[in-house]
Amino acid sequence: MKKILAAALVLSMVTAPMVSVHAEEAEALEPITLTVFRGDPGDQPAEDNKIYKKIEEEFGVTFEFEFLAGDLDETLGVKIAGEDYPDLFDGGNSADLLIQNGALINLLDYVSPEKTPRLWAHIEPQKARLIEKDEDGNDVLYIIPNYGLADGEQIVNQVNGPAFFIQKQVLEWGGYPQIHTLNEYFDLLDRFIEANPTDENGTPYTGFDILCEDWRHFCLINPVQHLMGRPNDGEVLVDVSTNDFKTETFIDKPYAKPYYKKLNEQFHKGLISKDTFVMNYDQYIAQLSSGTVLGMFDQTWDFNNATFALQDANMYKNTYVALGLVYDPEYVDGKEIEEHYVNGSLPNVRRGFGISVNCECPERIVNMWEEMMSDEWQMLFNWGVEGEDYYIEDGRLMMSEEQYANTLDNTWKLSNKAEAFTQSSPKKQGYIMDGDLAGNCWEPANQPEIVFGQMNEYDKAFLEAYGYQKFADFVNPPIELAPYGEAWQIDYSPVDVEHQDFLDIQDKYLPELIMCEPDEFDAKWDEFVEEITPSATVFGEFMQEQVLAEAAKVLNNE
Amino acid sequence: MSNIRKRSDASAGGTRKRGFFATLGKQWQLVLMSLPMLIYVLIFNYSPMWGWVTAFQDYKPKLGISGSKFVGLDNFKWLFGRADFINSIRNTLAMSVINLVFSTVAAIVLAVLLNEVLNIAFKRTVQTVTYLPHFLSMVIVVGMAQNIFASNGPLNELLMSSGLLKQPIFFLGEPKLFWWLVGFINVWKEVGWGTIIYISAMTAIDPCLYEAASIDGAGRFAKIRYVTLPGIKSTFVILLIMNIGHLMEAGFELQYLLQSSLTMDVAQTIDIFVLKYGISKQQYGVATAAGMFKSVVAIILLFAANTIAKKLDENTLI
Amino acid sequence: MAKKTDDYVSNKIHQDKVFPIVNTIILILIMIITLYPVLNTVAYSFNEGTDALRGGIGIWPRKFSLESYRSILSDKAVFTAAWISASKTVIITFLNLFWTSMLAYALSRPEYVLRKFITVLMVLTMYVNAGLIPNYLLISKTLRLSNSYWVYIIPTMFSCFNMIVIRTYIAGLPNALVESARIDGAGDIRVFWQIIFPLCKPVLATVALFVAVGSWNSWFDTYLYNGGKKELYSLQYLLKMKLATTQASANAAKTTADALASTTQTTPITIRCAITVIATVPILVVYPFLQQYFVTGMALGSVKE
């Protein structure tokens with residue numbers, strides 16, 4: 001019986017239609033199915049999704065999505081070897097691989113001011129960064145960025161990237177002081193923990209956490225560049241004062257030493273626990289969520305969940321403020337360093353959909369994107385259906401609490417948003433520039449009414465005590481984006497091996513430096529510098545070349 | 001071939017030289033039973049072996065095997081020129097030996113203890129419960145272990161409150177303890193699963209043997225020693241030979257999750273090394289070279305173990 | 001001499017009285033140690049997500065919630081995927097047992113002239129691996145099994161490890177069984193099918209368990225070959241994807257507004273535990289049926305005559 005059942009099943013499986021149908025280009029409205037690969041994980045949209053239904057009605061296009069399930073590079077390597085390219089191909093952080101292997105077509109064959117005015121207007125302001133030269137010197141554009149091409153003034157409501165964080169209660173306890181330097185920060189933490197060794201439940205406070213797990217070791221290795229007054233360039237420090245853009249790895253330089261020496265001091269004072277070096281991410285989040293960690297260096301998105309947990313438990317005073325710390329003059333030959341944690345917005349270069357060489361209807365896709373850059377489609381993608389998902393009041397776009405909560409509910413989104421497609425497609429961001437809705441934000445999550453409308457009383461009072469409007473006021477406004485962009489975006493695969501060594505040596509030595517006896521610190525630091533110099537030099541020199549090359553693209557265009 | 005022929009001729013009882021094909025003909029039913037899977041492994045396991053050529057290439061997926069540059073032994077030279085690769089061989093062997101000893105002993109002990117249980121319901125319950133952790137993902141198990149072994153975790157608290165310790169032991173950050181921790185977690189997760197094969201082997205033991213031993217006045221321990229253990233010996237030996245061949249595989253997930261910057265020197269296995277420098281850096285040639293090296297060592301170990309077993313007159317794998 | 005016998009007897013009584021008690025205690029302790037992580041996982045899966053982030057949950061949920069299960073099971077695709085997984089598991093288990101045990105029998109016959117050659121060839125498959133890309137090209141390009149149900153079945157029909165396990169078991173059976181059947185004029189196929197196969201139930205149950213669990217838990221084949229065919233997703237693949245999505249969305253840049261509007265949250269921790277439970281329960285249900293064969297054992301003695 002079982003066997004018959006099994007056999008019947010096999011038959012039913014193989015007879016089901018499985019071949020994706022590619023339409024000829026000629027018939028524009030002939031229904032087609034586009035195969036799509038997304039370089040990050042995601043859920044398949046629901047069958048009854050209202051947005052995809054509209055896309056199908058309007059453009060005759062349905063999608064067959066594949067999401068990343070395993071290792072990205074492994075997946076792309078396999079697809080390249082088999083030349084199994086989907087029509088729309090988002091290579092995630094490794095899109096460079098697709099370009100190097102000739103998997104993507106040059107979009108400039110279809111995108112131009114005449115043919116696609118909206119798309120062109122969208123990329124035009126950043127075209128120096130986006131349009132590259134191929135080996136033969138032709139202009140090429142493989143990917144229209146999925147994020148970072150925003151209209152209007154840059155929106156900074158909060159610090160989303162790196163910062164030194166401190167619990168609000170510590171600032172409250174200290175009488176709402178201005179904290180701008182490394183010493184001020186640790187002095188306040190020291191004093192607070194001396195006065196309040198434990199929380200209300202008797203759990204001892206941890207002064208400062210350093211997450212080092214796997215790729216999240218940026219919490220350990222990245223701070224020095226910010227203390228030196230630069231926004232995030234990854235693992236190098238760039239001197240933007242001249243057009244030479246002198247680029248160097250910072251971790252092996254004398255100016256990095258004071259930070260780790262300071263951490264060593266704090267370790268021996270008991271502000272840092274050795275457990276922080278063996279902590280996994282879940283334990284870190286658990287510790288932050290318990291409200292007993294007073295400070296850390298991190299990036300805001302990295303501990304969102306802990307923030308949710310604290311707010312959920314009404315522990316607002318234990319949530320964090322992002323501070324932009326710099327070195328005290330004593331550490332840098334008496335120089336006053338100006339703080340810049342927030343950078344000017346930059347396009348997400350080479351991130352998003354490209355169209356593969358296997359695609360039979362590239363023009364149709366580009367034309368669809370062009371159409372989708374209209375305000376109507378963008379409103380539909382971002383805000384949804386009026387009356388259903390949002391409402392308009394006095395020319396302002398609004399959402400009820402329930403409507404906004406929906407946009408965060410994964411199950412709801414699978415039926416009512418087209419994120420699997422829109423996240424990697426070109427889109428409008430920033431402010432709506434024309435029409436009745438001008439002045440509103442394209443993205444609900446940036447709309448001031450939504451951001452500030454529901455702020456809790458503790459935070460309101462806290463901001464008021466400082467006389468600030470928003471939490472981003474704790475740091476300086478964005479610095480102008482340097483011509484080379486942000487150095488962490490640079491593809492360093494040619495020096496991959498050296499870069500890995502460079503990271504490994506830091507991972508190994510920095511915790512030891514923080515934990516060693518103070519009188520051994522100097523000798524150990526010298527050992528570290530000696531060990532890391534070879535790989536640091538190779539990586540640093542490579543980055544110098546690349547930074548200059550990137551900068552030249554923009555500067556030569558001006 | 002000639003070797004096989006001699007042996008089989010001998011075992012077939014003196015068939016003469018010309019007799020190989022004659023014997024084969026007589027054994028057509030056995031041939032029929034083994035042919036399908038022989039063809040199967042030739043297709044699925046051996047036909048893709050052209051991939052090993054890439055160990056001598058700077059392989060690029062786009063160029064394929066014919067287009068990629070031939071680099072001779074460069075990939076091997078690069079591997080063996082790296083101190084951390086040599087280090088990862090040491091770590092791999094150390095951890096797999098510890099794992100092999102721990103998990104084999106634990107599985108046999110548990111299987112024997114279970115075999116002594118007369119109450120079937122209890123036996124089945126214990127057996128079911130102990131194999132369950134096999135289905136937990138490594139992330140979950142390692143996460144739990146990290147909580148239990150933390151400096152302020154339950155284990156240290158227990159040891160301190162019972163007065164056995166004054167200072168908590170830094171289990172997770174102490175390189176000396178890392179391999180043993182890996183061994184422990186492996187046993188914890190897999191011991192019940194590992195017993196299944198021994199328990200099933202014990203079912204083949206003739207109950208008469210136990211009765212006979214009882215009549216001879218053997219106690220429980222004597223019965224275990226003279227009946228149960230000999231009864232599973234062939235399974236034990238075969239598994240041991242197979243696992244000795246697997247000594248170059250210490251896995252990567254457990255170590256990868258459990259390691260920290262303080263223990264990275266002792267945690268990196270060959271597989272982690274390959275992951276780090278091979279696949280994720282598109283150095284496919286290096287990854288293949290490392291895999292080939294592992295296979296060659298595995299085969300040497302396997303045949304060595306098999307030969308020793310033969311010398312000792314034990315069951316052999318081959 | 002007499003003294004020694006006394007010692008021996010008392011020792012024996014000692015063993016028979018005390019041993020079962022000690023044994024029971026040891027086994028209960030082992031059960032507790034191995035049960036803890038399982039109960040802990042179940043407790044997390046039934047806990048409210050945001051609260052679970054705080055950690056420190058033992059074997060009972062702190063804030064009970066079905067949210068994780070709701071968010072997974074509300075997707076109807078889970079049931080399709082479960083059907084795919086169950087069906088492929090059943091098919092592979094039968095095919096695998098059939099092919100593997102047949103080969104195991106052939107290779108257990110000492111007189112078989114190809115025995116050693118084939119055994120070496122089979123055993124080596126456990127230790128050599130061509131690598132990801134050659135395997136992918138074989139299955140996807142040469143055999144064209146991508147985007148089909150067959151890719152779950154055809155490449156996993158045989159496992160050498162299981163073959164060796166069965167062969168070892170068959171080798172342990174009394175040779176007289178085969179010999180006497182031979183005298184009655186039975187060929188190898190008949191000997192295998194009518195005599196050996198039925199006697200192998202315990203080991204076949206064991207191997208069936210290995211194969212079934214391996215197939216049920218596999219996701220890599222879906223990921224490599226059927227990633228673009230959502231109607232062919234296996235359960236483990238789908239669940240893994242749900243976990244990855246939750247993790248990714250937890251890390252996605254969020255704004256203050258998101259934090260304020262979030263009420264009940266699913267989090268990677270609780271989702272991971274819930275998918276573990278969902279994927280394991282079916283195995284637990286099927287397990288006792290196989291277990292009875294290898295825990296209880298069989299009356300081999302009677303067959304032996």
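Tutor: A residue is termed buried if 20 or more other C-beta atoms, placed from the backbone, lie within 10 Å of its own, exposed if 12 or fewer do, and partly exposed in between. This is a predicted model, in which local features need pLDDT of at least 70, side-chain atom pairs count only at pLDDT 80 or more, and totals for chains, interfaces and linings use all residues. Residues are numbered from 1 along each chain as its sequence is written, and chains are lettered from A and ligands numbered from 1 in the order in which they are written.

Student: Is V170(A) buried or exposed?

Tutor: V170(A) lies in helix α7 (residues 168-173) of chain A; helices (H or I, at least four residues) and strands (E, at least two) are DSSP runs numbered from the N terminus. Around V170(A) there are 25 other C-beta atoms within 10 Å, so the residue is buried.

Student: Which residues does V170(A) touch, not counting residues up to four places away in sequence?

Tutor: Two residues are in contact if their C-beta atoms, placed from the backbone, lie within 7 Å. N348(A), 178 residues along the chain from V170(A), has its C-alpha atom 36 Å from that of V170(A). The residues that V170(A) touches are L188(A), L189(A), F192(A) and L294(A).

Student: Which elements are included in what covers the buried residues of α14(A)?

Tutor: Helix α14 (residues 362-372) of chain A has as its buried residues R364(A), I365(A), V366(A), W369(A) and M372(A). Their cover includes, from chain A, β3 (88-89), α5 (117-123), β13 (354-355) and α15 (375-382).

Student: Why are α21(A) and α22(A) described as roughly antiparallel?

Tutor: Axes are lines fitted to C-alpha atoms, for helices over the stretch in contact, and angles run from 0 to 180 degrees between N-to-C directions. Helix α21 (residues 496-515) and helix α22 (residues 521-557) of chain A pack with axes 8 Å apart, at an angle of about 170 degrees. Angles under 35 degrees count as roughly parallel, over 145 as roughly antiparallel, 65 to 115 as roughly perpendicular and the rest as oblique. The two helices, α21(A) and α22(A), are therefore roughly antiparallel.

Student: How many nonpolar residues has the contact of α15(B) with α16(B)?

Tutor: The axes of α15(B) and helix α16 (residues 284-311) of chain B come within 8 Å and cross at roughly 165 degrees, which makes α15(B) roughly antiparallel to α16(B). I270(B), V274(B), Y277(B) and G278(B) of α15(B) meet Y284(B), V286(B), A287(B), A290(B) and K294(B) of α16(B). Ala, Val, Leu, Ile, Met, Phe, Trp, Tyr, Cys and Pro count as nonpolar, Asp, Glu, Lys and Arg as charged, and the others, Gly among them, as polar. By class, one residue is charged, one is polar and the nonpolar ones number seven.

Student: Why is chain B more spread out than a compact globule?

Tutor: Chain B contains 16 helices and two strands, and its C-alpha trace spans about 80 × 75 × 30 Å along its principal axes. The globule rule is 2.2 Å times the number of residues to the power 0.38, and the radius of gyration is taken over C-alpha atoms. For 318 residues the rule gives 20 Å, and chain B is more spread out than a compact globule because its radius of gyration is well over that, at 25 Å.

Student: Which element gives the largest share of the side of chain B that touches chain A?

Tutor: Here 20 residues of chain B are in contact with 22 residues of chain A. The largest share, three residues, comes from α8(B).
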